[in-house]
Amino acid sequence: MFGKGMGNMAKRKLILEDGTTFVGEALGSVKESIGEVVFNTGMTGYQEIMSDPSYCDQIVTFTYPLVGNYGINREDFETIHPSVKGIVVKEACHTPSNFRSEESLHTFLQAKGIPGISGIDTRKLTKIIRQHGTMKAKLTAADASSLAAVQELQLSELATDQVKRVSTIKPYVVPGRGERIVLVDFGMKHGILREFTRRNCHVTVVPYNITAEEIIQLKPDGIMLSNGPGDPKSVLVAVDMIKGVLGKIPLFGICLGHQLFALACGANTLKMKFGHRGSNHPVKDIETGKVYMTSQNHGYAVEEATIDERILTVTQYALNDGSIEGLKHNHFPAFSVQYHPESAPGPQDSNELFDTFIQMIQQHTKRERV
Amino acid sequence: MPKRTDIHKILVIGSGPIVIGQAAEFDYSGTQACQALKEEGYKVVLANSNPATIMTDEQIADEVYMEPLTVEFIAKIIRKEKPDALLPTLGGQTGLNMAVELDKRGILEEFGVELLGSSLDAIQNAEDREKFRTLMNEINEPVPESTIINTVEEALTFADEIGYPVIVRPAYTMGGAGGGMCYNEEELRTTASNGLSLSPVHQCLIERNIAGFKEIEYEVMRDKRDHAIVVCNMENVDPVGIHTGDSIVVAPSQTLSDREYQMLRNASLKIIRSLGIEGGCNVQLALDPHSFQYYVIEVNPRVSRSSALASKATGYPIAKIAAKIAVGLSLDEMKNPVTGTTYACFEPALDYVVSKIPRWPFDKFTNGNRVLGTQMKATGEVMAIGRTFEESLLKAGRSLEISAEEFFLEEASELSTEVLNHRLEKADDERMFLIGEAFRRGYTTNQLHELTKIDLFFLTKLHAIVQLEQQLGDHPWDIDLMRKAKEKGFSDQALARVWKSTEEEIYTFRMKHSLVPVYKMVDTCAAEFASSTPYFYSTYEEENESSVSSREKVLVLGSGPIRIGQGVEFDYATVHSVLALKEAGYEAIIMNNNPETVSTDFSISDKLYFEPLTLEDVMHVVDLEKPKGVIVQFGGQTAINLADGLAKLGVEILGTPLEAIDRAEDRDKFETTLSKLNIPQPQGVCVTSTEEAIHASETLGFPLVVRPSYVLGGRAMEIVYDYSDLKRYMDEAVRIHKEHPVLIDRYMTGIEVEVDAISDGETVVIPGVMEHIERAGIHSGDSIAVYPTQRISQRLKDICVENTVRIAKELGIVGLINIQFVLHQDNVYVLEVNPRASRTVPFLSKITGVTMANIATQVMLGKKLTDFGLTDGILPEPEDVYIKVPVFSFEKLRSVDTYLGPEMKSTGEVIGADKTIEKALYKGLTASGIHIPTAGSVLLTVADKDKEEMLEIAQRFYQLGFDLYATGGTGTALLHAGLPVQIVEKIGAEGKTVLDVVKQEQAQFVINTLTGGKQSRSDGFRIRREAVEHGIPCLTALDTAKAILRVMESMTFTAKAMPKKKEQHV
C-alpha cells in the first residue's frame, strides 16, 4: 500500500533457519516472533486460517498474494484467540471491501499482538519451504542482526506443548436435543462445533487430557476427536484415553484426532516435509473410488507401513502423494479423516461425514438397545 | 473409468467464422479437443468453415471438412463419414445449436450418432430459459424473477408487474445478441421486438434488474463418475449489467470471503451435476454486495470464452480435459498436464492476479454506439498476469494497443464534468481511463462508486495508482518510488509522461539501477509442487524462475488481441512459425497477450511469455533470453510496429530487413522504389487544406481515394465522387487534425488482385494469386476473394506475378510479402504492399498445401527456396475453385454503418470450395450466414452513378421470378427499362416507405449503394441498419449482388415465355 499515511511502514525481516532473509514491511504487531514457517495455498479464508489453533506456533505464509481484501468480520473466526506466530503476505489490503468487514487485517493483527510481514516474494519463500521442508524462522526488525537470529533459530527447540496451550481448560456444554457428543478439544476449530450444533447435537467440549473414565461418566453417544497443532506423539495422554473408549462409544477423529486414533490403534505417525495446507487437496475414497476436494492443514501423517490391517483399514488416501487421509476400525464404530470436513475455510464436499458419524452413532445405539 | 472402446470415429463441430461473441477461443478449445481425442486413439472428423484457424490444419484431425456449418452440410458429412459420436460442446454456440438442430431433424437418430459431453436434455435445460428456470427451482437455486415472452405485449405486462428497469435476454443467441437493459416502456418495446426477431425460437426472457450486483463466474468440470471441480472463479470488475465479454474480469475473485466463495462454488457444482454435463461448464452468478443473497444468471453447457480465459489464467487445459471426459475418462485418472505428477482432479491454486480487458472495435467504428450493456461488443480481449491487481491490470491496459497509455487517455482531460460523469455512469469502452481521469480531477472513491457501482476494493486500488502517479510527479527520478511504480505495473511510457522524459531515458536509468523484472511460472499449484511448465509472466520481485537454456533461441512476437483487421489468421501464422522453429532445432519462444488463442497454449512453443507487446516488455525478454533474433512478420501490425524500436536497441530482426519494411510502408520511399522499377501505381498527392485538395482533384480527376496520412489500415479512408464530397471530407479532416496531411489518390476502378509470396531475397515464390469479386475500393478483408482467378487475362496475371517478383526482390524481402493490385483499363497498378504475413496466408496455405508461414520461417533462418525445390513465379493452380467470404458482426454493433468501403469492417471469414465458382460461392455465402433463396423480393435503392449497372441486376432478379421494390429514382429507372416494380416512398413520407419493406421483412435482399448528400446519406444509413436488425442481407456493392445472382441463376430454372412471333417477321 502506498497511499498517504501508509507510506512509512517500518521495515521488517523474516529470517529463516538456513539464513535466507526477506526484507519487507511491518504488518500487524511489531514484536519479535519465532515459529515454524509453513505455507497455505488457499485463495480465500485467511481469517479462518489465522484463527485455526492448528497453526499454533507457526508462521503462516499465504501463497495467494493479496490478503485482507475482504477484511476481518466478526463471524468467521475458528477460535477466539489466534495462536499463530506470524503472518507472511505479498500484499496486505488496508482498505478492505465486504459488507461484513469490521476491520482490516493490519488492525486485527495489531490488536491480537500477531506480527506479520508484507511486500516479500512469497513465491520464492514457498519454493524454499517446498524444497527444504518447513523450518524455523524469525520475524524481527529490519535492523536486527541476521547472523544472531540464525544462531538463535538453530539453537532453539520448537515447543511441544501446543495442544495444552490451545485446548480448553474446563469442559463446557453447548446444549442441544439430539445426540450427545463429547468433543475432545486438542485445538478445536469452531467449525467442528458448528457442524454438530447445526445437527442439533448436545455437545460437551472437554480438555485434551480428559481420561476415558471421565468421558464414559458423561455417557455420550459419540466422541469427536478434534484437530489440533503439533506432533501427535506430544499428546500421548490422549492415546491412552482413546484406547479406553474404543469399542465402547462411536468415535470420529479429524486431523490431529485422526493421527491420535491411528496411534491408539498401533500405527505410527511421521513428520512430513512441508505438509498439506490448502483448500484444493484431492482425496480418493477407496470404497467408492470417488475423489473429493478437501481442506487440509497438517504437518504429520500416519505411516502406512505401520498399519495393522487386522485392526485398521485405510479408507482414503491423498490423490497426489498417496498419503493416508482416512482410516476406519475393523471391529469398532470408529473412523477418522486427516482433512477438514467442517471446511471453514475450503470446500464443503465432505461435509456429509458428520452425518455418517451421526448415523454410526444411531446404529450403535440401536444395537446396544437390542 | 477407462475410455470408451465402443466408439471409434468422432465428429467435432467448430464454431465457424469469428464474430463478436465467438472469437479465437474456439480455435484454441477445438484444436485442443481434436488433439486430445487423437491422442486417445480416436478418428477425428472436423467440420469448420473458418479457414483462418489452426484447428482446420490437416494434421489436427484425421479428416477436415471446411464446409458450411448448416444442417444440410453437416448431414452430408455424417452420411459420408458415419461417425459414431458427435462432440458439440467445443464449437461455441454454433456447435451446440447445430447439435440441437441435427437432433430435431432426426439425423442423429437416423445415423446412430451419439452426442458426447452434454446430452440434448442438458443443452436444452441450460439454454431454454423456461426449462432452466424450472430446473433451478427444482434444485433450489435462486434465479431472478423473470418470465418468458413470445410477444412484446407479454413483456410489457410483466414489466408493469415487477417495475422497471428490466433486462431482455433473447433465447439461443450468442454474445447476448439483441438483449439489453430497458428503463421504460419505449425501450422495452424496441428491445423486445428486436430480441424476438433475433432469437431463432422467437423467445425472450424478461428479468428483474439486478444491475449493481457483483458478477462472479465459476468454471466447473464434471466427469461421468460425478466428480465435479472448480477450475477457476472470476470476478467481473464491472458489476452485473455489462456483458461479461465486455467486462474487465479478474481471476480469482478478489472481494469474496471464503463463505461467499464456497456458497457460490456449491451452487455451481450443484448446477453442473443437475444438468449432468460431462465436460466443462460456465456458471454466472450475481451476488448482492450487501448480503449473502445471490442469483444464478446463466449457464453455458460447453466450453466458452470464459473457459479459455480460465485455462490461460490457471494453466489448466479445460478443453483438452473436457474432450477426454467426453470419451469416458474420469478426472482422477488423468494427470494434470502442468505438473505432470499430480492429477487433473484438483482445483488450481493461483499465486498471482489475472486481469482480462476486452478489446472493442470503436477505434474503427468511431460512430458506433459505445455504451456497454448486456449485448457484447468486444471483438477480442487481452489478459495479463501480475503479483498485484494493479500490476496485472496495468499490464493488460498496455496490451490493448489503443491510442492510450495503460491508465491514461489524454483526450479525457478535455471532457466536461457533465460528460465525464455521464460516461462514467453509462459505462463505455473507455471507462477505465475515465476513472483514471476522475481520480486525477480529485474525485473520491465513494463518488466513483456512486457513478459506476464498481466495488470499492477495485476503486481504491485504481485511486492508489493515481496517488502514486502524483507522488512520482513530486519526486522525479526517485529510484525507490520508481521501484514501487514498477511493482504496481507502471510502464516506462507512463513514467516518461509523469517525469516529462522519454522512454529511452527511463529505460537507461532503470538499467543503470538494475531495476528489471523477474519471471514467475504459471503452475496451477502456487509452487506447492515442482513443475516444468514453460509458461511465464513478469513481475518485479526477487526470484527469477525462467532459467535460460544454452540452446539457440528465436523469439516470435504474436499479434495481440483480436480486432477488426487483425484476426485469428495472424495467430495461425504465428503458431506455424513457432512449429517451424522447433522443427529446425531452435528453442522457439513466443510472446503474446491474447488468452483466446492457440499461440498462448503453453504446449505449442518451447517457452511462452504471457506479456504485453510493447518495446519495454519485449526488451526485457530479449535481455534475459538473448535470442538469435526476433520474428515480427507473423504478428500483424502489432509486431511490425515494434521492429523499428527493437532494431534501434540492437536486436536482430529476422527476415526482411527493417530498411525494406520502411521502404514498403513509407509512402515516398515506396513511390521511388516503384518508379525505379517502372511499375505504375495510382497517381496521388499529399494536401493539408481543402483548397489544395480541390486544386489537386482538378489534375487527378474524380473519383478519388482520400485518407489521413497518420492512420494505417484504411481507417477513415473514403472514396469521393465529386467536389462537394471532397469538400465535406476535407473540412472534417482538417477540423479534426490540422497538422496531419491528407493523402489523395486517383481511385482506379477495376478488378482487384491480391498476391501472397514467399521470398528469400533471390527467389520469389507465389503460392497463389487471388481475385476479388468486388472491384477495388472495398477493403481486401471485406471483399470476396476467389482462387484461382477466374476473370482476368493471362497477360495481366503474368504482370501481377512478374511485378510481385520484382518488388519482392527489389525490397529484399526475406519471408512473406502481400501485394494488392488493381487492373484498370488493361493495366496493372500497385495499390498496397505489406512486407509481412497477410490475412490470406492460412486460406492459401490450406488450399495449396504450401505451408507458407513454415517455409517463410525457414527462409528467415537462412534456408533458400531452391532448397525446397521452388523457383521464381506462381505455383500450379488447382482445378477446384476456392472462395473466401467475409463475415460481419453488424447486428452486435448498433449505429455502425454497414456499407463497405476502403475501411475494413468484417470480423471473420469463411471458405467455400467446390468444382465450379457458382457452387463454391454458394457454399461460401451460405457459410457466411447468407441464405440463398430461390424466390422472393429484392429492394433496390442505388445512387445515380450506379443506376445503369443496377438495371442489369434488376433484370436478372426479375428473370429469376423475384418481385422488385425500389425507391423513387431507382424505381423510375426500372420502369423506363420496362421492368415491373413496386415503388415505395422515401423515409418519412406517408404511405408505404422503404423502411416498411425492410421492417416487414418483405425483401430477401436489399441492394443499396452509397449516395452523396447529407440527407440521402443518413437515409441510406437507416435502411442499412434496419436491414441488419431484421437479418436481411444488405448488399452495398453491386459486384456482390452479381455474384449472388450468379449462384441463384445456376441453381434455379427461370420461367421464360416462348418468344412471341413478331408481326414484321411474318
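The model is predicted, so local features need pLDDT of at least 70 and side-chain atom pairs pLDDT 80 or more, while totals for chains, interfaces and linings use all residues. Residues are numbered from 1 along each chain as its sequence is written, and chains are lettered from A and ligands numbered from 1 in the order in which they are written.

An unreviewed UniProt entry puts a "binding site" at Glu832(B) and Gln820(B); such annotations may be inferred rather than shown by experiment. Glu832(B) belongs to strand β31 (residues 827–834), and Gln820(B) to strand β30 (residues 815–824), strands being DSSP runs of E, at least two residues, and helices runs of H or I, at least four, numbered from the N terminus. Gln820(B) counts as buried because it has 22 C-beta neighbours inside 10 Å. Beyond four places in sequence, its contacts (C-beta atoms within 7 Å) include Glu832(B), Leu831(B) and Ser780(B).

As for the two chains, 48 residues of chain B and 42 residues of chain A take part in their contact. On the chain B side, α9 (258–275) and α16 (456–474) each give two or more residues.

Helix α3 (residues 92–104) of chain B has 13 residues and should span 18 Å at 1.5 Å a residue, which agrees with the 19 Å between its end C-alpha atoms (the expected span is 1.5 Å times one less than the number of residues). Its buried residues include Gly92(B), Met98(B) and Leu102(B). Just after α3(B), Gly106(B) has a positive phi of about 80 degrees.

Notes: Buried ≥ 20, exposed ≤ 12 C-beta atoms within 10 Å, placed from the backbone.
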